[in-house]
Amino acid sequence: MTTAKTIPLTRGSKPMTKAAKVMAVSIAVSALIVSSQALASSAGSIKVAIGNQDVKTNPSPYVINGTVMVPLTLAGQLYDVHLEWNHPSKTVTVQTSGQSYRLKAGQPYAVKGDEKVPLQAATSIKGNHMMVPLRFIAEISEVDVSWNPAKRAVVIHNGDPKISEATAPVQLGESTYTIPVISEKFKKYSFAAKTASGIVWSPAPPQAEAADASVYYPSRPYTIYLSNPNQHILKSDQAQKLITLNSPDKETYMVLGGLYGIDDVVVYHTFMFGQGMAQSARSQAWVMKVSNPQTNKEMESFHAAGGYLYYFGIDQQDGLYVSLSYIPGKADGSYEKKLMVYNLRTGKKEFPDQFTESSGVIQFPYHGKIRSVTMKQI
């Protein structure tokens, strides 16, 4: 009787260069293909594990013509791999380690720049998920993968999995929600807000390599998701993607500064940094109707550094976003103060001339009433 053995995709315990790792992946997956002929006809589902942690994939992996096919979302569960799905064109963009790939359903290759990278089998759609060869996942993630035929399991080693025990707890009313984070230090850059449509949230992307390590530079754009309020453990693969916050160019980093919900609306702030900059070059306040992300638009652009001060508050009852900007430069050394009131329900913006400030509360006349809004500084 022949004993089944684990087929490794590594070359032992010594560190490997990227080129050597890719070669090892190729050799080992080739071995996996040979053993997969028996796999295709045997019973039982294929399992996936990252280290010792079992990972549920939807749909489950399967074998076609000797090639193990897995959902592309598996790559998104590995460190620094970002997926963006375009439903109309049935295309997925994969960004990892400074590389970008495009995959289209039904094509036997991935597009990397102007180059077509052959795949072992054509991609396919199963259960609204794109299925790709395991080898593609292994190569773009630069992780060690092995196949255990006895357990019918794909095992991903040393992958630094994005799924971790670290979470960012967020208290929304009487309920606590948790956002998965790559490490403890990213907790303060993850946010959530309660809206009439559900929980709007965004996890912090990994830190990019930057000259000033004291400043947070995301390695990829923030994505804002919508989850059912009954799901207290927030997960991107169980949520609806609302919008990805793209920077205007590759030299600029956009950092999310908070999420605030009212009715079916979410308000958020963004800050853009150039490489090596410790202060934001541009700060913006945005508003978006959650049930229709295409309504996303800028309320105002503001300064919050270099002597400029910015305060804001939200009147939940009347649906008002209120900001107060302190602008330096007056001859006597004092600030010019500018009040902006944005009606989140009508989209109308006004600039009241009369207002008073006291102990963090601003009062101003608005449509025949005196409004009082608690403000906080950014």
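1. A polar contact of 3.4 Å joins the side chains of T223 and T244, where a polar contact is a pair of N or O atoms within 3.5 Å; within protein, one must be able to donate a hydrogen and the other to accept it, and residues adjacent in sequence count only if both atoms are side-chain atoms. T223 lies in strand β18 (residues 222-227), and strands (E, at least two residues), like helices (H or I, at least four), are DSSP runs numbered from the N terminus. With a relative accessible area of 5%, T223 is buried; buried means under 20% relative accessible area, exposed over 50%, and partly exposed in between, with a 1.4 Å probe and protein chains only. Leaving aside residues up to four places away in sequence, T223 touches H82, W201, S202, P203, K241, I243 and T244, a contact being heavy atoms within 4.5 Å.

2. This is a predicted model, in which local features need pLDDT of at least 70 and side-chain atom pairs count only at pLDDT 80 or more, while totals for chains, interfaces and linings use all residues. Residues are numbered from 1 along each chain as its sequence is written, and side-chain values use heavy atoms, with hydrogens and water left out.

3. As for the whole protein, it has two helices and 31 strands, and buried residues make up 44% of its 378 residues. Among contacts between residues at least 6 apart in sequence, 43% join residues at least 24 apart. The protein exposes about 19600 Å², of which carbon and sulfur atoms supply 50%; such areas come from the Shrake-Rupley method with a 1.4 Å probe, and for residues only the protein chains shown count as cover.

4. Another salt bridge is that of D318 and R371, whose side chains meet at 2.3 Å, N to O. This pair links distant parts of the chain, with D318 in the loop between β24 (309-315) and β25 (320-327) and R371 in strand β30 (residues 369-374), 53 residues apart. D318 counts as partly exposed at 24% relative accessibility, whereas R371 is buried, with a relative accessible area of 9%.

5. K337 likewise forms a salt bridge with E357, the closest N and O atoms being 2.8 Å apart. K337 belongs to strand β26 (residues 336-343) and E357 to strand β28 (residues 356-358), 20 residues apart. K337 counts as partly exposed at 39% relative accessibility, and E357 counts as partly exposed at 35%.

Methods. Salt bridge = Lys/Arg side-chain N within 4 Å of Asp/Glu carboxyl O.
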